[in-house]
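Keep the viewer open as you read.

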Amino acid sequence: MENVSIKIDEFLRFIRESAIQYDYAINEVKRCEDQTQDILHKLELEDIKYKERAKYATMIQKIRRERRELKDEALLKSPIVQWGKSHIRELNELEKLLGEVRKLEKVCSGAAYTNYIRNRT
């Protein structure tokens with residue numbers, strides 16, 4: 001028998017994990033922006049030789065690529081997170097439904113037929 005509760009649980013987990021991933025991506029974008037600003041300030045205020053400037057340029061490139069990936073992640077998760085925030089009541093109802101379905105699955109998995117009629121041989 002198919003476990004319906006697994007599908008309900010996967011959906012609820014997807015919504016919760018999307019919110020966590022969105023928050024993480026937003027925080028990491030901010031971190032990348034701060035790192036970029038730190039490097040730019042260093043380049044602006046300090047006398048740095050060509051080789052070291054080239055290293056900083058490479059660092060900025062790496063940080064900016066990471067930032068782009070994180071921004072894309074946040075962009076993709078944003079509508080899911082917004083939907084979850086606007087459907088809190090429905091998500092709570094799904095949590096209750098999940099509990100009910102799990103109870104019923106437990107009952108069904110323990111069901112067994114008992115033969116009450118004696119074998120007459």
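## The largest pocket

The lining of the largest pocket is made up, by class, of five nonpolar, two polar and three charged residues. In this scheme Ala, Val, Leu, Ile, Met, Phe, Trp, Tyr, Cys and Pro are nonpolar, Asp, Glu, Lys and Arg are charged, and the others, Gly among them, are polar. The lining residues are Leu12, Ile15, Arg16, Ala19, Val81, Gly84, Lys85, Leu91, Asn92 and Glu95. A pocket here is an open set of points on a 1 Å grid over the protein atoms alone, where a 1.4 Å probe fits, with protein on both sides within 12 Å along at least five of seven lines; lining residues have an atom within 4 Å of a point.

Helix 1, helix 2 and helix 3 (88–110) each supply at least two lining residues, and helix 1 gives the most, with four. The space in this pocket comes to about 190 Å³, the volume being that filled by probe spheres set on grid points joined across faces, edges and corners.

## About the model

This is a predicted model, in which local features need pLDDT of at least 70 and side-chain atom pairs count only at pLDDT 80 or more, while totals for chains, interfaces and linings use all residues. Residues are numbered from 1 along each chain as its sequence is written, and side-chain values use heavy atoms, with hydrogens and water left out.

## Overall fold

The chain has three helices and zero strands, in the order α-α-α along the sequence. The radius of gyration is 27 Å, well over the 14 Å that the globule rule gives for 121 residues, so the chain is more spread out than a compact globule. That radius is taken over C-alpha atoms, and the rule is 2.2 Å times the number of residues to the power 0.38. Helices (H or I, at least four residues) and strands (E, at least two) are DSSP runs, numbered from the N terminus.

Along the principal axes, the C-alpha atoms fill a box of roughly 100 × 35 × 15 Å. Of the 121 residues, 22% count as buried, a label for under 20% relative accessible area, with exposed over 50% and partly exposed in between (1.4 Å probe, protein chains only).

## Nonpolar cores

The largest nonpolar core holds 12 residues, including Tyr22, Val29, Ile39, Tyr56 and Leu70. Helix 1 (4–45) and helix 2 (50–86) are the elements that give two or more residues to this core, and helix 2 gives the most, with six. Another core, of six residues, lies apart from it, with Ile8, Leu12, Ile15 and Leu91 among its members. Such a core is a set of buried Ala, Val, Leu, Ile, Met, Phe, Trp, Tyr and Cys residues joined through side-chain atoms within 4.5 Å.

Not counting residues up to four places away in sequence, Ile39 touches Tyr56, Met59, Ile60 and Ile63; contact means heavy atoms within 4.5 Å.

## Residues to look at

Asp9 lies in helix 1 and is buried, with a relative accessible area of 13%. Leaving aside neighbours within four places in sequence, Asp9 is in contact with Arg16, Leu98 and Arg102. In helix 2 you will find Lys77, which is buried at 14% relative accessible area. With neighbours within four places again left aside, Lys77 is in contact with Ser18, Gln21 and Tyr22.

Asn3 sits in the segment before helix 1 and counts as partly exposed, at 37% relative accessibility. Asn3 and Arg102 are 99 residues apart in sequence and 8.6 Å apart in space, C-alpha to C-alpha.
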